Amino acid sequence: MELDDTYPDASGNVPAHHSPQLTCVRPCDWTDQPCGLFIEVDKIRIEDHLWFWHGVEAKKATPCRFEGCPDAGTMMYLSRHIEGVHFATSYQCPYCKKLSSRTDSLARHQKGCKPLLASRAHAEHGKYQFHHQAMIKSVSGYIVPANNAT
């Protein structure tokens, strides 16, 4: 297994309950220039990989060239698409357990999430400080050491 370790710093998006020594990777299925590398399941890592190995610019509309992609059109947020569609990443609301494939849609959900609003109201009523719980990121793939993982 070859891991794209061009950007060796650990991801800042790994939740606290995961070991910082481990990371989740998936194979790159970009079809026009197969590279045979594995990418950390993280939008920034995907974006960096696509730029470095495949010449895809981040802020430019680009069609997805992943094997068997159902979305043939060009898109501005290719790394977000790959993370959600091809790498099946999801995010869970810690208050009601609702799943979403994107952080922005889950953030919109949380503005009206009844268990979250009830928790906040309970804290304010009791004069407690409310601490918003972080979204729970769910990924699947190969688990490998985060450093020196080639």
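Visitor: In which helix is Trp-51 found?

Guide: Trp-51 is found in helix α1, residues 43-54, where a helix is a DSSP run of H or I with at least four residues, and a strand a run of E with at least two, numbered from the N terminus. This is a predicted model, in which local features need pLDDT of at least 70 and side-chain atom pairs count only at pLDDT 80 or more, while totals for chains, interfaces and linings use all residues. Residues are numbered from 1 along each chain as its sequence is written, and side-chain values use heavy atoms, leaving out hydrogens and water.

Visitor: Why is the pair of Phe-66 and Phe-87 called edge-to-face?

Guide: Rings of Phe, Tyr and Trp (its six-membered ring) pair if their centres lie within 6.5 Å, and planes under 30 degrees apart count as stacked, over 60 as edge-to-face and the rest as tilted. The centres of Phe-66 and Phe-87 are 6.0 Å apart and their planes stand at 70 degrees, so the pair is edge-to-face.

Visitor: How do you know whether Phe-66 is buried or exposed?

Guide: Buried means under 20% relative accessible area, exposed over 50%, and partly exposed in between (1.4 Å probe, protein chains only). Phe-66 has 5%, and is therefore buried; Phe-87, at 2%, also counts as buried.

Visitor: What makes the pair of Tyr-95 and Phe-130 stacked?

Guide: The ring centres of Tyr-95 and Phe-130 are 6.5 Å apart and the planes lie at 25 degrees, so this pair is stacked. Tyr-95, at 15% relative accessibility, counts as buried, whereas Phe-130, at 22%, counts as partly exposed.
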